[in-house]
Amino acid sequence: MKKLPIEVFSKWAETGKDIGMQEGHKLSVDQMIKFATKNLKRFSFIDAGCGNGWVVRDISKFKECKSATGIDGSFEMIKKAKNMDKLNSYFCEDLLKWKPKKKVDLVHSMEVFYYFKNPMQLIKHIFNYWLKKNSRLIIGIDFYKENKVSHSWPEKTGVSIMELKSENTWKRYFKESGFKNVESWRVGKKENWGGTLIITGNK
Ligand SMILES: C[S@@+](CC[C@H](N)C(=O)[O-])C[C@H]1O[C@@H](n2cnc3c(N)ncnc32)[C@H](O)[C@@H]1O
């Protein structure tokens, strides 16, 4: 029997697999953050599906970062994040239901959006309720149609919701949700690995 994404990742947090995930994602995330922050003077930041909160902790050290917040549906992940960091804010919430009190300049997310039955609903929700004018959403995903090696992951991980979409479909979701200047590219491509697919756009 397959399990819901949050159940699986709570187990990962309990058994320390969140650290391996953090190490595996770091190269792609560093490039995403470099791209997304290059022209920002002062910015507020949310990590959607922050896991143990490592990106929130990293980005809060930037002198331009005025606030950093992490949201994750897994209680175990958020417990870890809060234990490691008393400075920034973490919330255990479903991304589709949560809204920040104040809209932000930058929303980042790594390896999260395909765990939703209807990913465009989440993209629209973030566009409408999380982002200010002149802001950015940037997401990275390793599970997508062109990355053939990733197709076996639903069986391997036993996760019940994993939506396999093409690069063009992800870009279309961003455009149809209202984003402008939508771009995509891949990071860390090599033989038998399509790389992390990055998609970004401005509100
Ligand atoms: C592959 S992990 C990535 C974690 C983190 N971004 C990282 O790079 O280490 C996916 C995360 O998305 C979270 N997640 C999945 N579905 C969610 C939902 N509906 N609401 C909130 N978080 C969710 C999981 O709990 C998990 O921590």
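This is a predicted model: local features need pLDDT of at least 70, side-chain atom pairs count only at pLDDT 80 or more; totals for chains, interfaces and linings use all residues.
Seven strands form an open sheet in the order 3-2-1-4-5-7-6, and their pairing is mixed. Strand 3 (89-92) and strand 6 (180-187) are the edge strands, each with pairing on one side only. On average, neighbouring strands of this sheet are turned by 15° against each other, direction ignored. Helix 2 (residues 17-37) packs on the sheet and touches strand 1 (43-48), strand 4 (104-110), strand 5 (131-141), strand 6 and strand 7. The direction of helix 2 makes about 160° with that of strand 4.

Strand 1 and strand 2 are joined in the parallel sense, over 6 bridges, and here Ile46 stands opposite Thr69 of strand 2. Strand 2 (residues 65-72) has 6 of its 8 residues buried, so the rest of the structure largely encloses this strand. Strand 6 and strand 7 (residues 196-202), by contrast, pair in the antiparallel sense, again over 6 bridges. Lys180 faces Asn202 of strand 7 across that pairing.

In general, an α-helix has 3.6 residues a turn, so residues three or four places apart point the same way. After helix 7 comes Gly178, with a positive phi near 115°.

Next comes the ligand. The shell around the ligand holds 19 residues, of which Phe9, Gly49, Gly51, Gly73 and Ser74 come nearest. Helix 1 (5-14) and helix 2 are the elements that give two or more residues to this shell. By class, the shell is made up of 10 nonpolar, 6 polar and 3 charged residues.

The loops hold some details worth a look. Most residues other than glycine have a negative phi. Glu111 is not a glycine, yet has a positive phi of about 60°; this residue sits in the loop between strand 4 and helix 5. Glu111 counts as partly exposed because it has 19 C-beta neighbours inside 10 Å. Asn192 likewise has a positive phi without being a glycine, at about 65°. Asn192 is found in the loop between strand 6 and strand 7, and with 7 C-beta neighbours inside 10 Å it counts as exposed.

Asp142 lies in the loop between strand 5 and helix 6 (153-157). With 22 C-beta neighbours inside 10 Å, Asp142 counts as buried. Neighbours within four places in sequence aside, Asp142 is in contact with Glu111, Asn147, Ser150 and Thr196. The C-alpha atoms of Asp142 and Thr69, which are 73 residues apart along the chain, are separated by 23 Å.

Methods. Residues are numbered from 1 along each chain as its sequence is written. Two strands pair if DSSP finds at least two bridges between them. Helices (H or I, at least four residues) and strands (E, at least two) are DSSP runs, numbered from the N terminus. Axes are lines fitted to C-alpha atoms, for helices over the stretch in contact, and angles run from 0 to 180 degrees between N-to-C directions. Two residues are in contact if their C-beta atoms, placed from the backbone, lie within 7 Å. A residue is near a molecule or strand if its C-beta atom, placed from the backbone, lies within 6 Å of it. Ala, Val, Leu, Ile, Met, Phe, Trp, Tyr, Cys and Pro count as nonpolar, Asp, Glu, Lys and Arg as charged, and the others, Gly among them, as polar. A residue is buried if 20 or more other C-beta atoms lie within 10 Å of its own, exposed if 12 or fewer, and partly exposed in between; C-beta atoms are placed from the backbone.
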